Amino acid sequence: KAVRDDYVLRNPKSSAQLAQAAKSMPGGNTRTVLYYDPFPLAMARGEGQHLFDVDGHRYVNFLGEYTAGIYGHTDPHIREAVQNALANGVNLSAHNTLESQLAAILCDRIPSWDMVRFTNSGTEANLVGIALAKAFTGRSKIMVFDGAYHGSVIAFAGGASPINVPHDYVVATYNDPQGARELIAQHKDDLAAVLIEPMLGASGCIPADKEFLQVLREETEKVGAVLIFDEVMTSRLSAGGRQALLGIMPDITTAGKYLGGGMSFGAVGGRADIMGLMDPGNPKGIPHPGTFNNNVITMAAGIAGLTKVYTADVAVALTKRGDRMRDGLNALAREKNVAVQFTGLGSLMNMHPAVEPVKTPQQALGCDGRLRDLFFFHLIEEGIYQARRGLVALMLPVQQEDIDHYLAASGRFFDRYGD
Ligand code: PLP
């Protein structure tokens, strides 16, 4: 109650902003994930790694736009690319010269991509991936995993979403190779695809075990189903995503977020024989229109980001930096004897109030959410912004001193709530 009162008193303009927005948007909101009680902060602007809210507070942004914001708020290369694209005119109503450049760069980076199609979001990329798998196999069932999030209309985090597209889903248990093996065998004649996040993102940064992904690779191959990795979040873990780190090749990979330079973006790519279904010259091809699929602003920002900023070496360094931060936080929690752990991989992590290693979304859901909430509000007071649910996605401009501050702020929280 006191924490809530502090928050309300400290942020009157954010509160007023929500009330104003509620006149024309349901609950004042257009992105459910950003809402939290009593009201979310409204940001006025961003610069580098910093956010400034409408009440004038400054925060280090540790949320990084749910992984899309890897470049920070004002990267000069991204800005220059977007300004050049604007100068050359938008809405060209035609093929342009940027889309093929970005496609070639991405196909060089992501091992499983012979070819790629662009979309406007990760959600759309997954919708297209599923459509491709169904068309390619002539089958109807899609295996997904309890706790998975593949976008606003393909979500199984905390149960299936009421607005999910009505595919014929088979819902399996994450990190349970034997269960998946049995389900794949059971549905083998109807199974079009197995769709999986190599690390559950929305359910709390829970990595898939390598062996689990290997089993999915082997079993889908056996029954002729398409294996789809949703690397919308994990593509940042190396230039080639988690698949490159593990050496496991899916048939299709979906991506999005930062790969479009922080602009609206999604992409679906994979084996040439599957992607060939989208060749407009293919009489059996399936259509995939989309006004903004090749919009010059995203294309230009994506190219600049990947060639000038998030190069392969930088990806390795960011992943290492994240690993060190997570290790540091876990060591601190142990030292202070608090029942808290930070899961994740590389620059992606999530706090869970639990001692036992969190390997399933059920374990994450079973944690006492109150401690996570208190941590969130504590960090706000410390000038640190992250997801209410505990997600951290490091951005490149976040400095070592910012990370040291996060550790120190966490230490103060652990002192307050530890043994
Ligand atoms: N897939 C995963 C793993 C995601 O984390 C997300 C978004 O958070 C999506 C798909 C959906 O992407 P978008 O929000 O761009 O539609």
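**Basis of the description**

Helices (H or I, at least four residues) and strands (E, at least two) are DSSP runs that are numbered from the N terminus. The structure is a predicted model, in which local features need pLDDT of at least 70 and side-chain atom pairs count only at pLDDT 80 or more, while totals for chains, interfaces and linings use all residues. Residues are numbered from 1 along each chain, as its sequence is written.

Most residues other than glycine have a negative phi, and most peptide bonds are trans. E65, which is found in the loop between strand 3 (58–61) and helix 3, has a positive phi of about 45° although it is not a glycine. T67 is placed in the loop between strand 3 and helix 3, and its phi is positive at about 90°, again without the residue being a glycine.

Burial is judged from C-beta atoms placed from the backbone: a residue is buried if 20 or more other C-beta atoms lie within 10 Å of its own, exposed if 12 or fewer, and partly exposed in between. E65 counts as partly exposed because it has 17 C-beta neighbours inside 10 Å, whereas T67 counts as buried because it has 24 C-beta neighbours inside 10 Å. The peptide bond from D37 to P38 is cis, with omega near 0°, and P38 belongs to the loop between helix 2 (12–21) and strand 1 (43–47).

**Packing of helix 3 with helix 10**

Helix 3 (residues 76–87) packs with helix 10 (residues 296–309) at an angle of about 145°, and their axes are 8 Å apart. The axes are lines fitted to C-alpha atoms, for helices over the stretch in contact, and the angles run from 0 to 180 degrees between N-to-C directions. Among the residues that make the contact are I78, A81 and V82 of helix 3 and I297, A301 and A304 of helix 10. The residues of this contact divide into 11 nonpolar, three polar and two charged.

Of the 16 residues around the ligand, S121, G122, T123, G151 and V232 come nearest, a residue being near a molecule or strand if its C-beta atom, placed from the backbone, lies within 6 Å of it. Helix 5 (residues 122–137) supplies the largest share of this shell, three residues. The shell around the ligand has five nonpolar, nine polar and two charged residues.

G147 is in the loop between strand 5 (141–145) and strand 6 (168–172), and it counts as buried because it has 27 C-beta neighbours inside 10 Å. Not counting residues up to four places away in sequence, G147 touches F156, A157, Y174, L200, S203 and P361.

Terms used. Contact = placed C-beta atoms within 7 Å. Nonpolar A, V, L, I, M, F, W, Y, C, P; charged D, E, K, R; others polar.
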